[in-house]
Amino acid sequence: MKKRQVVVKKSSSNRTSSASMIQRIRYGECQKNHAANIGGYAVDGCREFMATGEEGTTAALMCAACGCHRSFHRREVDEVVYEGSSTSDI
């Protein structure tokens, strides 16, 4: 079973409608260049970020598969807009 880190952000703007937008952020493959110090290009092949620790800890920012920081992994943002009068179901 894969362990995935998904961050959900709620965005509220000065709209007159009752729509709300949720951004789902997922971290994909590692893009850290491990051969940069010798002038080459080599990635480790880590396909997806898996948090080492629980959400809210510093270990949640390190990948269990490759040991890199989360910032080295490709960030994928999915924006979902919900229309309706009630946003309590989200």
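The side chains of Gln-23 and Glu-79 are joined by a polar contact of 3.1 Å. Gln-23 belongs to strand S2, which covers residues 20-30. The model is predicted, and within the chain S2 is where confidence is highest, at a mean of 89.

**Gln-23**
- Gln-23 counts as buried because its relative accessibility is 19%, and the cut-off for buried is under 20%.
- The partner of Gln-23 in the polar contact is Glu-79, and on both residues the side chain is involved.

**Confidence**
- Across the chain, pLDDT has a mean of 81.
- A pLDDT of 70 or more is reached by 72% of the residues.
- Strand S1, residues 6-11, has the lowest confidence in the chain, with a mean of 59.

**Secondary structure**
- The chain has three strands and zero helices.
- Along the sequence, the order of elements reads β-β-β.

**Burial, surface and contacts**
- The chain has 90 residues, and 23% of them are buried; Gln-23 is one of the residues that count as buried.
- About 6500 Å² of the chain is accessible surface.
- Carbon and sulfur atoms hold 49% of that accessible surface.
- Among contacts in the chain with a separation of 6 or more, 50% are between residues 24 or more positions apart.

Methods: Residues are numbered from 1 along each chain as its sequence is written. This is a predicted model: local features need pLDDT of at least 70, side-chain atom pairs count only at pLDDT 80 or more; totals for chains, interfaces and linings use all residues. Side-chain values use heavy atoms; hydrogens and water are left out. Helices (H or I, at least four residues) and strands (E, at least two) are DSSP runs, numbered from the N terminus. Buried means under 20% relative accessible area, exposed over 50%, partly exposed in between (1.4 Å probe, protein chains only). A polar contact is a pair of N or O atoms within 3.5 Å; within protein, one must be able to donate a hydrogen and the other to accept it, and residues adjacent in sequence count only if both atoms are side-chain atoms. pLDDT is the predictor's confidence in each residue, from 0 to 100. Contact means heavy atoms within 4.5 Å. Accessible areas come from the Shrake-Rupley method with a 1.4 Å probe; for residues, only the protein chains shown count as cover.
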